[in-house]
Amino acid sequence: MEIAKEAVAGGADWIEIGTPLIKSEGMNAIRTMRKAFPDRTILADMKTVDTGAMEVEMAAKAGADVVIVLGSADDSTVLDALRSAHKYGVRLMADLISAPDPVKRAVELEALGVDYVNVHVGIDQQMVGKDPISVLMEISEKVSVQLAVAGGLDVESAAQAVKAGARIVIVGGNITRSDNVTEAAMKIRKSVDSPDSVNIRSRETVDQEIREIFKEVSTSNISDAMHRKGAMKGIHPLVRGKMVGPAITVQSFPGDWAKTVEAIDLAKPGDVIVIYNESKDVACWGGLATLSSLNKGIAGVVIEGAVRDIDEVENLGLPIYTSNTVPNAGDPKGFGEINAEITCGGQTVKPGDYIIGDESGVVVVPKERAYELARRAKEVNKTEKRLFDEIRRGGTLSEILELKKWEKH
């Protein structure tokens, strides 16, 4: 309710009752919003796939103005939903989320007579890099039905959506998870009203985008996005500083520091050297190796093992995370491997996996899921900002999350 009030204050025309909220609270969510916002359009995202007439009737009687049916539902379901919508004086929106051929289906849905077609890329699809704008552009050339668009939209993509033919711009997390909902809604409102005034940045490479997101979020956010996994055990910041980059892995033996420093020569700028050394009592890293790493532009070092020359290392400032410090080192014998799969801090690390370190510790993100998990961590970060805002207003974390309501029984 509070989010809805703030979004309306920022210029939102419609209020969507999302599918998870409907599943949680049922039609009472619609009734509550209808009563609170009599002058706003209420959209019920039922995602109906069967019993079209019944579910449209439920939403309409609860106070919805627009009801969503799944675009990939059978034609019989869509037509029955339409009959019910006409009977109860509401409009029907068909949602193309996960439709196998969205362009073809949009044409068919227009022919069936729906009021709106929603070009929608779902949250899970957004996490792996899909966005709705390119599909929207293609669909807008084939149909004349009013088009809505949804899926991770922000100020820039909302402007792009309007230019691509959208009449309705549906924004979720970039408003509802903001720590200032009204301000976030106002920015989107301005973008939608004046799309030509929005500066559209050129797209970064995937690696650049991954790195930028990981720099914005915390290791705690990332671990949450990985369902509490990925964190190294027993590895702590020695030289504090944010560290993000793909891994160069090193497996070495007690006191043998040859492979650990040879890895510096193989590393590219922005890489993180991750070392497993069997001994915590003999250092495999020190001041000279740290200075060499700075010369190569290495982002940081993680060592399950020991570091020495702590005063030099701290003065040089390269982020280093380790499990121990000692004064003595071994000899460079050359045993071990570079860029093999290793275990460090209890986590499997493969060459190229993303390594992120901050004050809380180090997490390992598998390279094949790095983009997805970066995006999910960003959503976790947004949620936390919103929770901080609500706690600052006087609530407690337990109250805001309704922990007792959602505990297992």
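Start with the whole chain, coloured by domain: the assignment gives domain 1 as residues 2-197, domain 2 as 211-371 and domain 3 as 377-406. What you are looking at is a predicted model.

**Stop 1: the sheet**

Select the strands β1 to β7. They make up an open sheet of 7 strands, in the order β1-β2-β3-β4-β5-β6-β7, and the pairing is parallel. Now pick out residues 14-17, which are β1, and residues 168-170, which are β7. These two strands stand at the edges, and each has a single partner strand, so one side of each has no neighbour in the sheet. Turn the view to look across the strands: on average, neighbouring strands of this sheet are turned by 25° against each other, direction ignored.

**Stop 2**

Select residues 116-120 for β5 and residues 146-150 for β6; the two strands run parallel and are joined by 5 bridges.

**Stop 2: a charged pair in a helix**

Next, show residues 52-62, helix α4, and display the side chains of E57 and K61. Side chains of opposite charge can pair when their charged atoms come close. Here E57 and K61 form a salt bridge, with 2.6 Å between the closest N and O atoms. The two residues are 4 apart in α4, which means that about one helical turn separates them. A search of the whole structure finds 30 salt bridges.

**Stop 3: where domain 2 touches domain 3**

Move on to residues 211-371 and 377-406, which are domain 2 and domain 3. Taken over C-alpha atoms, their centres are 33 Å apart. The contact involves 7 residues of domain 2 and 5 residues of domain 3. About 530 Å² is buried between the two domains, and carbon and sulfur atoms give 61% of that area.

How many salt bridges are counted between domain 2 and domain 3? The count is 0. Polar contacts are found, however: 2 residue pairs across the interface of domain 2 and domain 3.

To finish, select α12 (206-216) and α13 (219-225), the elements that give two or more residues to the side of domain 2 touching domain 3. Of the elements on that side, α13 gives the most, with 4 residues.

Conventions. Residues are numbered from 1 along each chain as its sequence is written. This is a predicted model: local features need pLDDT of at least 70, side-chain atom pairs count only at pLDDT 80 or more; totals for chains, interfaces and linings use all residues. Side-chain values use heavy atoms; hydrogens and water are left out. Two strands pair if DSSP finds at least two bridges between them. Axes are lines fitted to C-alpha atoms, for helices over the stretch in contact, and angles run from 0 to 180 degrees between N-to-C directions. Domain bounds come from an automatic or database domain assignment. Contact means heavy atoms within 4.5 Å. Buried area is the accessible area (1.4 Å probe) that two parts lose on being put together, summed over both. A salt bridge is a side-chain nitrogen of Lys or Arg within 4 Å of a carboxyl oxygen of Asp or Glu. A polar contact is a pair of N or O atoms within 3.5 Å; within protein, one must be able to donate a hydrogen and the other to accept it, and residues adjacent in sequence count only if both atoms are side-chain atoms.
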